[in-house]
Amino acid sequence: MLPFRARVDLAVTKFHSIEPDVLLLHAELFLAGMHCRLATNSKEILSSVSRWFSGSRYPNRSGPPVDLQILVDSSISRDRPAKAHFRGMRHVVFASFGAEEVFVFDLLRRHAVGAVSRATANDSSFWNTQLLPIMVGVMGTTVGVVPLHSACLDRDGKGLLIAGLSGAGKSTLSVALAQRGFSLVSDDWTYVSQDGEKDELIASGLSAPVKLLPDAARYFCELQAFTPKESLNGELAFEVDATEVFRSAVKHISRPHWLMFLERDSQPGCDFIPYSAKDARAFYERSAERLPEELPEAAAKRSEIIRTVTNRECFRVRSGESPQSTAEAIDRFCSGD
Amino acid sequence: MSLAERTPYNHPLDVLRRFMPSPLEALIEFEKELILVETNDSSFLVPGILRESQAHSQASQTFKWKLLRDADVLGKIAEATIIVSESLVVVSMGPACLAGVDPERKELLAFVGGTVDTQEYQDSVLPVLGGLTQFAMGKKHMMDISFPGDIVRGTAHNA
C-alpha cells in the first residue's frame, strides 16, 4: 500500500476552513437579477461591492438566492498579474487567480466560497469586473438568470438585444447606438430573467467596462487616448467605461422588445430581414454553454426563457456599413421611420 | 496512454472542459476503499497501488472518482491551497492539479495537468485523492491528510 505521506517536499500548504461563525459580516447583493447573500470577514470586501447593495433595481426578482462566502486571510499572497484559470466538472466549478486565491462554485447547492488576500479584498475592480460577473455567468442559470451572448440597449423602456457571432461588431455597434441616444445596458453579455411571477422578462447588465477590439479605434476617436490590453479571455482589447469615455447613458435593466442578429456583409447597405422565432431560438440554444446533466431544471428554465425572449420581433441585420451608419439605420428602424 | 497521445481538448461551448471525454472506467480498491474511476488516461490507474476489484460496480458504498488529464495545462504541481466549505472540500495545487470532493454525493472530481508524470501523480496527487476520499467517507479528519509540505491554518484573525 502507498504510504500516506507524500514524498515531495514542497513549501507550505494553506488550509482555509470556510465556517459561518467566522464570516460575521453580511450583505445582500443584487447582480443582474440574481440575489446573492454575501458572508465575509472583511469590511474591505463589503466596501468593494457596495454598488450592488440596492435591490430597488430589480423589484420583482423570482429566483432563489445564491450564497457567497469569502474568507480574507493575510497569510494569502496575491499574484498579479495572474492569469485566471477555470475548470468545471459536473456541478463544481473551480476558479483560481494565481497560486493561492481560489474559488469554488457548487451549482447544485447554489453556494460559492473563496479565500483571498487582503490586497484582493481591497481591489474593487477585481470584484466588480471579474469575480461577480463570473459568478453570475457560472451560477445565474441555476437561479433563472440566463446569460445571453448579446448586447442590450434601451430606448424609452424598450430593450434592443443585439446578438451575433464573436467579432460581428456587437460592442462597436452598441457604442454607436449609445452615441445616438440609446442607453447602454450591456455590450456583450445580457442576463435575462423572469419578472417575478409575471409572464414578462427583464434584461440586465452588470455595468462592466465596454470591451472593444483594437480596430474600434478606427471608428471612435475617443479611444486614441487608450492602449488595448490583454483581457480576461486573453484577447487584446480596449476596456473602457462607456459613461466616462463616450458620455453614454447607462441603464441597469430593460425589457426585451426587439432582437437583432448582426451579420457583417462585404456589400454596402444595411438590410433588415425578418428572422423566425424558431431560427432565433436555435441560434441562442447553439451558442449557450452546455450544462451538466446534474442541472436538468436549470437547462429547462434556460430553454423556457430563450423561447420567451425569441417570441419578440426578430431580424437579421446585414450590414456592410460603419458602426455609426448601421446605428443610424437601426435608430430609424426602431423609431418606425 | 503516453504523453504524446494526450491531445488538447477544445470546444467553444465548453470553456470549463466539463465535457472532456472520459471513456475509461475501472472499479478499483485503494486503501481498502472501493472506487469507481472514470478517466481519460489509463496512467492514472497505477498498477500495484490501485488494485482492480472484482466487486460489482453498483455496490452502494462505491465512491466515484472522475479524473481528467488536462493536456492544455503545463507545469508542475504547486503548493496546496485547501478550502473546506459546507458541501465541498477543494484542493488546488496550481492549475496542474485541481481536485474537489463532494461527501454527500460520494464523488471526487479532479483535473491533472498534461505534464504531471506518473511519479509526480503517485507521490503528490494520489495521496491527496485518497485522503480526500477517506475524509469524505468520515474515516479521516481533514488535518490528518498528508498534503505536500506542512500545513498552515488560515484563520479569520489573520484578516
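**Domains of chain A**

I looked up the separation of the two domains first: the C-alpha centres of domain 1 and domain 2 of chain A lie 25 Å apart. Chain A is divided into domain 1 (20–143) and domain 2 (146–334), with bounds that come from an automatic or database domain assignment. I note that this is a predicted model, in which local features need pLDDT of at least 70, side-chain atom pairs count only at pLDDT 80 or more, and totals for chains, interfaces and linings use all residues. Residues are numbered from 1 along each chain as its sequence is written, while chains are lettered from A and ligands numbered from 1 in the order in which they are written.

I then examined the interface, taking two residues as in contact if their C-beta atoms, placed from the backbone, lie within 7 Å. Across it, 21 residues of domain 1 of chain A are in contact with 25 residues of domain 2 of chain A. Helix α3 (residues 124–139) of chain A gives the most to the domain 1 side, with 5 residues. By class, that side has 8 nonpolar, 11 polar and 2 charged residues; Ala, Val, Leu, Ile, Met, Phe, Trp, Tyr, Cys and Pro count as nonpolar, Asp, Glu, Lys and Arg as charged, and the others, Gly among them, as polar.

I took helices (H or I, at least four residues) and strands (E, at least two) as DSSP runs, numbered from the N terminus. Two strands pair if DSSP finds at least two bridges between them.

Strand β3 (residues 34–40) of chain A runs parallel to β4(A), joined by 5 bridges, and A:A39 stands opposite A:Q69. Strand β8 (residues 111–116) of chain A is also parallel to β4(A), through 6 bridges; there A:L71 has A:A115 as its bridge partner. By contrast, β5(A) and β6 (residues 92–97) of chain A run antiparallel over 6 bridges, with A:G88 opposite A:V93.

**The largest nonpolar core**

I counted as a nonpolar core a set of buried Ala, Val, Leu, Ile, Met, Phe, Trp, Tyr and Cys residues joined through C-beta atoms within 7 Å. The largest has 127 residues, and those with the most contacts inside it are A:V104, A:V136, B:C97, B:A99 and B:A110. This core draws at least three residues from each domain of chain A. Leaving aside neighbours within four places in sequence, A:V104 is in contact with residues including A:V92, A:F94, B:I83 and B:L88.

**Chain B**

I recorded 1 helix and 9 strands in chain B, in the sequence pattern β-β-β-β-β-β-β-β-α-β. Of its 159 residues, 42% count as buried.

How values were computed: Buried ≥ 20, exposed ≤ 12 C-beta atoms within 10 Å, placed from the backbone.
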